[in-house]
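Biologist: Hi! Could you walk me through this one? I'd like to start with how charged side chains pair up.

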Amino acid sequence: MIPDFVSDLRKAVGPDQLLWLPGVVAVVRDERRRVLLQRRSAGGAWTPLSGIVEPGEPPAVAAVREVEEETGVRVVVERLAAVTHSPPVRHGNGDRAQYFEVVFACRLADGGQEPRVCDDESAEVAWFPLDALPPMSERMREIIARVEKDESAAWFVPAP
């Protein structure tokens, strides 16, 4: 679903203007060392849970909200794992965007639920063992690997 603030921006700038948008990526792991992934409705790619940060919303709150909206699963953010950016994308509706991504390591909240598809952004949601991930982009594999390293400091591309 396109957030209202993005729709309002699009009315002003049109679909061809590349928008730089704040995003979150939640790499959710369980006690069995599995990761929760979604197969996106648009394009069919498997990815960790992600979404756009709403104006004024703290990124960690956005990560928790996005996971629950997309899977029905409640999570706890454990730590900031990385700060990345997506390549420029053209969405199915023609809108161009690029995402500044804050990546969080997350775990299930107490009384964890079974994931299910809760909105039209996902075609499927499922748990995968780290050694048996479905086909996905190398960038998504690297994001998961960064979280799995369990380092105390967040990863980012250093300035030249």
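Modeller: Happy to! A salt bridge here is a side-chain nitrogen of Lys or Arg within 4 Å of a carboxyl oxygen of Asp or Glu. Keep in mind that this is a predicted model.

Biologist: How many salt bridges does that rule give?

Modeller: The count comes to 15 salt bridges. One of them joins the side chains of Glu124 and Arg39, at 3.1 Å from N to O. Glu124 sits in strand E8 (residues 122-129) and Arg39 in strand E2 (residues 34-40), so this pair ties together parts that are 85 residues apart in sequence.

Biologist: What about Glu142 and Arg146, how do they meet?

Modeller: Their side chains form a salt bridge at 3.8 Å, N to O. Glu142 and Arg146 are four residues apart in helix H3 (residues 138-148), so about one helical turn separates them. There is also a network in which salt bridges with shared partners join Arg29, Arg33, Glu78, Arg107 and Glu148.

Biologist: Which residue does Arg65 pair with?

Modeller: Arg65 meets Glu57 in a salt bridge, 2.7 Å from N to O. Glu57 lies in the loop between strand E4 (49-52) and helix H2 (59-71).

Biologist: Is Glu57 buried or exposed?

Modeller: Glu57 counts as buried, because its relative accessibility is 15% and the cut-off for buried is under 20%. The side chain of Glu57 also reaches the backbone nitrogen of Glu54 at 3.0 Å. Leaving out residues up to four places away in sequence, Glu57 touches Ile52, Ala62 and Arg65.

Biologist: Which strands pair with E7?

Modeller: Strand E1 (residues 19-29) pairs with E7 in the parallel sense over 11 bridges, and Trp20 has Gln98 as its bridge partner in E7. Strand E5 (residues 75-85) pairs with E7 in the antiparallel sense over nine bridges, with Leu80 partnered by Phe104. Strand E6 (residues 89-90) runs antiparallel to E7, joined by two bridges, and Val89 stands opposite Ala97.

Biologist: And what lies between E6 and E7?

Modeller: E6 and E7 form a hairpin with five residues between the strands, where Gly94 takes a positive phi near 95°.

How values were computed:
Residues are numbered from 1 along each chain as its sequence is written. This is a predicted model: local features need pLDDT of at least 70, side-chain atom pairs count only at pLDDT 80 or more; totals for chains, interfaces and linings use all residues. Side-chain values use heavy atoms; hydrogens and water are left out. Buried means under 20% relative accessible area, exposed over 50%, partly exposed in between (1.4 Å probe, protein chains only). Contact means heavy atoms within 4.5 Å. A polar contact is a pair of N or O atoms within 3.5 Å; within protein, one must be able to donate a hydrogen and the other to accept it, and residues adjacent in sequence count only if both atoms are side-chain atoms. Two strands pair if DSSP finds at least two bridges between them.
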